[in-house]
Amino acid sequence: MDFAIQSTSSQLPHHTAIILDGNGRWAERRGLPRWQGHRAGARAAGRIVETALELGLPDLTYFVFSSDNWRRDHREVGRLLTLLERALDGELANAGERGVRLSVIGRRDRLPGSLIGAIERAEHRSARGGRLHLRLAVDYSARHAIASASGLLEPADLAERIGRALHAAEPIPDVDLLIRTGGERRLSDFLLWEAAYAEILFLDLPWPDFGPRDLRGAVEEFARRDRRFGGARPSLQFPALQEVIS
């Protein structure tokens, strides 16, 4: 039975964020150039979007290109950005027809003009998609976004200002489930504000090998976790202490 059928909406994460890690290492282990790993990763990303639609996940964010990734070899960076541009004008061009709204968050002032054009076309074409909001974090740094939105603000105001700093049309919702593939155990400057209470799942398999079964397993793991947001289970509260403070 499909997990979406046997689960209630309260058990599903509203916002799932994924750090797509391990593409280059996946290619190197096979004796392939690193850019082939990014291409395999793009195919995996497409499969997971389809699975997210099947499960009924409303928000999905991919960490595609970090602001720190500019430090990599310029040929790898160029191929990665070209791959993204082709995807936006290719397989993602009909995203809106499948109910997928596409947004790109992050800095745009350092991106090639042709990529910015592809981003704007994709966002415009898919603006009416209502089943899944897919965000691609490109030239993204959570620290830069928070610094750009700095000031003595209430949390809701800061969230709105962070969204504007990232070219998001509205505040990015809090992350419920954050997945990182590739074996690393860190957030790498990704959605630090929004992931304050995220359930985090680190996986050893590289992103190109992450498939529909893995996403379903992650959602099932999320449903089993006890999310208290800083509160305590009733059974862990001490009656004597409650009498003192009441």
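A pocket, on a 1 Å grid over the protein atoms alone, is an open set of points where a 1.4 Å probe fits, with protein on both sides within 12 Å along at least five of seven lines, and its lining residues have an atom within 4 Å of a point. Its volume is the space filled by probe spheres set on the points, which are joined across faces, edges and corners. By that rule, the second largest pocket here holds about 180 Å³ of space, while the largest one holds about 910 Å³.

Keep in mind that this is a predicted model: local features need pLDDT of at least 70, side-chain atom pairs count only at pLDDT 80 or more, and totals for chains, interfaces and linings use all residues. Residues are numbered from 1 along each chain as its sequence is written, and side-chain values use heavy atoms, with hydrogens and water left out.

**The pockets**

- Helices (H or I, at least four residues) and strands (E, at least two) are DSSP runs, numbered from the N terminus.
- The largest pocket has 40 lining residues, and Leu20, Asn23, Phe63, Val64 and Leu80 are the closest to its centre.
- Two or more lining residues of the largest pocket come from each of α2 (23–29), α3 (34–55), β2 (59–66), α4 (74–89) and β4 (132–140), with α3 giving the most, 10 residues.
- Sort the lining of the largest pocket by type and you get 17 nonpolar, 9 polar and 14 charged residues. Here Ala, Val, Leu, Ile, Met, Phe, Trp, Tyr, Cys and Pro count as nonpolar, Asp, Glu, Lys and Arg as charged, and the others, Gly among them, as polar.
- Around the second largest pocket you'll find Trp35, His38, Arg39, Arg79, Leu80, Thr82, Leu83 and Arg86.
- α4 gives the most to the lining of the second largest pocket, with 5 residues, and that lining splits into 3 nonpolar, 2 polar and 3 charged.

**The nonpolar cores**

- A nonpolar core is a set of buried Ala, Val, Leu, Ile, Met, Phe, Trp, Tyr and Cys residues joined through side-chain atoms within 4.5 Å. Buried means under 20% relative accessible area, with a 1.4 Å probe and protein chains only; exposed is over 50%, and partly exposed is in between.
- The largest core has 45 residues, and Tyr62, Leu88, Leu136 and Trp207 have the most contacts inside it.
- α3 gives the most to this core too, with 7 residues.
- Apart from this core lies another, of 20 residues, including Ala17, Ile19, Leu158 and Ala195.

**The aromatic pairs**

- Rings of Phe, Tyr and Trp (its six-membered ring) pair if their centres lie within 6.5 Å; planes under 30 degrees apart count as stacked, over 60 as edge-to-face and the rest as tilted. That gives 6 aromatic pairs.
- Tyr62 and Trp207 are edge-to-face, because their ring centres are 5.8 Å apart and their planes stand at 65 degrees.
- Tyr62 is in strand β2 and Trp207 in the loop between β6 (199–202) and α8, 145 residues apart. Both are buried, and together with Phe210 they form one aromatic cluster.
- Phe63 and Phe190 are stacked, at 4.4 Å centre to centre and 10 degrees between the planes.
- Phe63 lies in strand β2 and Phe190 in the loop between β5 and β6, so this pair ties together parts 127 residues apart in sequence.

**A closer look at Phe190**

- Phe190 has 0% relative accessibility, so it counts as buried.
- Leaving out residues up to four places away in sequence, Phe190 touches (heavy atoms within 4.5 Å) several residues, among them Ala17, Ile19, Thr61, Ala137 and Leu178.
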